Amino acid sequence: MSIARTGRPGPTEAGHPGGEPRRRPPGRPVLPTAVGLLVLLLVLVLLSLLVGTGNSSAARAWDYLLGDPSARADAQLRLAVVDVRLPRTLAAVLVGVCLGTAGCLLQAATRNPLAETGLLGVNSGAAFAVVVGLTFFGASSPGALLVWALLGGMAGSAVVLLLAASGRAAGSPLRLVLVGSALGATFHGLTSYVLLGTQSTFDTYRYWTIGSLAGVQAADLGPLVPLAGLGLATAFACARPLSALGLGDDSARSLGHHPGRVRLVVAGAVSLLAGCAVAVAGPIAFLGLLAPYVARALTGPRMAAQLALSALVAADVMIVADVLARVVIRPWETPVSVLLAFVGGPLLVWIARSSRLSTAGASA
């Protein structure tokens with residue numbers, strides 16, 4: 001008996017009554033868009049090296065980059081360009097790429113266009129670990145806080161994965177979301193309990209949890225690059241299985257994929273990527289939520305292209321936000337997460353009202 005007569009939908013019919021095949025939107029040219037975003041990223045990197053909160057002008061910074069002898073002899077200018085602006089520019093690229101890729105992965109794996117990295121307990125686990133390090137182990141330097149945040153984010157997501165992998169509904173999107181939300185609330189309560197008795201810890205933690213790239217050093221980024229690279233490699237290796245999951249779990253199984261295992265591997269990659277981002281910049285909202293929307297609108301349903309464009313879009317937005325954070329209330333700095341919230345909130349409302357982008361998000 002054929003599939004059509006039994007009324008059971010096949011891989012191209014999943015989720016559509018009457019046996020009508022689901023038609024996905026046609027793909028769009030990816031290479032020109034990717035090249036454009038990459039060129040924009042390079043321009044923004046240059047702008048980030050030229051603009052800062054100090055007294056060094058953009059013209060002098062440009063002379064330094066071009067190798068002007070008098071500019072290269074200026075120790076203050078070298079400090080501003082090489083020791084301050086270059087590390088935070090690289091950090092902005094790293095955080096943007098990690099959050100954009102992680103958000104795209106998580107939304108595809110859970111088939112939830114509102115999913116973001118906080119659902120896996122990364123942010124709450126990192127926050128609790130930072131508070132523990134500050135209170136009981138005397139961690140106060142940016143490097144020490146980075147290590148504690150990374151370990152906490154990875155530990156929190158590991159607990160979520162272990163709990164979500166148990167039972168008959170192992171690896172299901174609902175279980176991941178529920179376990180992540182429950183663990184996040186638990187970590188939040190523990191964090192508040194520890195903070196109640198230590199004012200000094202609260203002051204340092206308050207600065208970290210705002211989300212900023214100020215004070216990032218090149219030495220802090222070195223250990224995170226291999227972890228981020230592993231997360232990115234895992235993400236792109238999951239592109240084909242995630243495309244199959246977009247047809248529905250039953251269709252994915254018929255194509256030889258195991259939905260539960262795929263989601264657990266994806267969650268591990270998200271944990272690596274989001275953990276690196278939180279360790280560098282603290283909790284950053286909206287970026288991992290919005291970048292996949294824009295990527296889907298630009299490229300259509302192709303998963304590998306979505307991952308690449310999400311990473312580029314998020315990196316571009318992160319550098320723009322960091323540059324603006326230096327000049328909005330000059331000579332002081334605005335936390336980059338505040339600017340992203342100001343932009344991200346209205347943009348999210350616009351996305352919800354835009355038929356094109358909302359449809360692109362729903363098709364993932």
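How many aromatic pairs does the count come to? The count comes to three aromatic pairs, where rings of Phe, Tyr and Trp (its six-membered ring) pair if their centres lie within 6.5 Å, and planes under 30 degrees apart count as stacked, over 60 as edge-to-face and the rest as tilted. The model is predicted, so local features need pLDDT of at least 70 and side-chain atom pairs count only at pLDDT 80 or more, while totals for chains, interfaces and linings use all residues. Residues are numbered from 1 along each chain as its sequence is written, and side-chain values use heavy atoms, with hydrogens and water left out.

A pair of aromatic rings is described by the distance of the centres and the angle of the planes. One of the pairs is formed by Phe128 and Phe187, which are stacked at 5.6 Å centre to centre with 25° between the planes. Phe128 belongs to helix H6 (residues 122-136) and Phe187 to helix H8 (residues 173-196), so this pair ties together parts that are 59 residues apart in sequence. Helices here are DSSP runs (H or I, at least four residues), numbered from the N terminus. Phe187 has a relative accessible area of 14% and is buried; buried means under 20% relative accessible area, exposed over 50%, and partly exposed in between (1.4 Å probe, protein chains only).

Rings also take part in another kind of arrangement. The charged end of Arg72 sits over the ring of Tyr64, 4.5 Å from its centre. Arg296 lies over the face of Tyr293, at 5.1 Å from the ring centre. A charge sits over a ring if NZ of Lys or CZ of Arg is within 6 Å of the ring centre and within 35 degrees of the ring normal.

Next come the pairs of charged side chains. Side chains of opposite charge can pair when their charged atoms come close. A search of the whole structure finds five salt bridges, each being a side-chain nitrogen of Lys or Arg within 4 Å of a carboxyl oxygen of Asp or Glu. One of them joins Arg60 and Asp74, at 3.8 Å from N to O. Arg60 lies in helix H3 (residues 58-65) and Asp74 in the loop between helix H4 (69-72) and helix H5 (75-110), so the bridge ties together parts that are 14 residues apart in sequence. Arg60 is partly exposed, with a relative accessible area of 29%, and Asp74 is partly exposed too, at 27%.

Where does Asp322 lie? Asp322 is found in helix H16. Arg88 forms a salt bridge with Asp322, and their closest N and O atoms are 2.6 Å apart. This pair links distant parts of the chain, with Arg88 in helix H5 and Asp322 in helix H16 (residues 303-327), 234 residues apart. Asp322 also meets Arg326 in a salt bridge of 2.7 Å, N to O. Asp322 and Arg326 both lie in H16, four residues apart, which is about one turn of the helix. Asp322 is buried at 1% relative accessibility, and Arg326 is buried with a relative accessible area of 1%. Arg88 is buried as well. Salt bridges link Arg88, Asp322, Arg326 and Glu333 in a network. Leaving out residues up to four places away in sequence, Asp322 touches Arg88, Leu213 and Val336, contact meaning heavy atoms within 4.5 Å.

Helix H16 can also be viewed as a whole. Of its 25 residues, 19 are buried, and the helix is mostly covered. At 1.5 Å a residue, H16 should span 36 Å, and its end C-alpha atoms are 37 Å apart, which agrees; the expected span is 1.5 Å times one less than the number of residues.

The nonpolar side chains form a core of their own. A nonpolar core is a set of buried Ala, Val, Leu, Ile, Met, Phe, Trp, Tyr and Cys residues joined through side-chain atoms within 4.5 Å. The largest has 91 residues, and those with the most contacts inside it are Leu105, Leu213, Leu242, Val280 and Met318. H5 gives the most to this core, with 15 residues. Apart from residues up to four places away in sequence, Val280 touches residues including Ala91, Leu94, Leu213 and Leu224.

Two loop residues complete the tour. Phe286 is found in the loop between helix H14 (259-281) and helix H15 (287-299). Phe286 has a positive phi of about 75° although it is not a glycine, and at 26% relative accessibility it counts as partly exposed. Glu116, in the loop between H5 and H6, is partly exposed at 30% relative accessibility. Glu116 and Val270 are 154 residues apart in sequence and 9.7 Å apart in space, C-alpha to C-alpha.
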